[in-house]
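Please read them alongside the sequence and the coordinates.

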Amino acid sequence: GKYAGLDRYEARAKLWEDMEAAGLALSVEDHMQRVPRSERSGEVIEPLVSSQWFVKASPLAAPALEKVRSGEVKIIPERFEKVYFNWLDN
């Protein structure tokens, strides 16, 4: 994107400039905000946006369920089979 690779402070400044140029900025007001800082370095702690990924679990669960249902794999104590099936069936 347009702001990829920029330092966070540069990206914020550029974003604000672009918002003002597009007429999207309504006003500028000072406000107090608690910003978390690292105890060791004093740097601002910000969330890191990362890619989301998911795994289709059903192809992995089906063989595992079959092994337990066939008796090839035993869940001990047996009462936990219900929990196991609940997890993998859902």
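**Notes on the predicted model**

1. Tyrosine 9 counts as partly exposed, its relative accessibility being 44%. The model is a predicted one, and tyrosine 9 sits in helix α1. From tyrosine 9 to alanine 25 the C-alpha to C-alpha distance is 18 Å, for a separation of 16 residues in sequence.

2. Arginine 8 also belongs to helix α1. With a relative accessibility of 28%, arginine 8 is classed as partly exposed. Setting aside neighbours within four places in sequence, the contacts of arginine 8 are Glu43, Val44 and Glu46. For glutamate 46, the C-alpha lies 9.8 Å from that of arginine 8, although 38 residues separate the two in sequence.

3. Alanine 22 is placed in the loop that runs between α1 (8-21) and α2. Is alanine 22 buried or exposed? Its relative accessible area is 52%, and the cut-off for exposed is over 50%, so alanine 22 is exposed. Between alanine 22 and valine 44 there are 29 Å in space, C-alpha to C-alpha, and the two are 22 residues apart in sequence.

4. How do the axes of α2 and α3 cross? Helix α2 covers residues 58-70 and helix α3 covers residues 81-89; their axes come within 10 Å and the crossing angle is roughly 155 degrees. Angles over 145 degrees count as roughly antiparallel, and α2 and α3 are therefore roughly antiparallel to each other. The handedness of the α2 and α3 crossing is left-handed.

5. Which residues form the contact between these helices? From α2 come Ala61, Ala64, Leu65, Val68 and Arg69, and from α3 come Glu81, Tyr84, Phe85, Leu88 and Asp89. Sorted by class, this contact of α2 with α3 comprises seven nonpolar and three charged residues, with no polar ones.

6. Leucine 65 is one of the α2 residues in that contact. Apart from neighbours within four places in sequence, leucine 65 touches Tyr84, Phe85, Leu88 and Asp89.

7. The largest nonpolar core has five residues: Leu65, Val68, Ile75, Tyr84 and Phe85. Two or more residues of this core are given by each of α2 and α3.

8. The peptide bond between isoleucine 76 and proline 77 is cis, with omega at about -5 degrees. Proline 77 is part of the loop between α2 and α3.

Notes. Residues numbered from 1 in each chain as written. Predicted model: local features only at pLDDT ≥ 70, side-chain atom pairs only at ≥ 80, totals over all residues. Heavy atoms only, no water. Axes fitted to C-alpha atoms, helices over the stretch in contact; angles between N-to-C directions. Helix = DSSP H or I, 4+ residues; strand = E, 2+ residues; numbered from the N terminus. Parallel < 35°, antiparallel > 145°, perpendicular 65-115°, else oblique. Left-handed = near helix turned anticlockwise from the far one by under 90°. Contact = heavy atoms within 4.5 Å. Nonpolar A, V, L, I, M, F, W, Y, C, P; charged D, E, K, R; others polar. Core = buried A, V, L, I, M, F, W, Y, C linked by side-chain atoms within 4.5 Å. Buried < 20%, exposed > 50% of the residue type's maximum accessible area, 1.4 Å probe, protein only.
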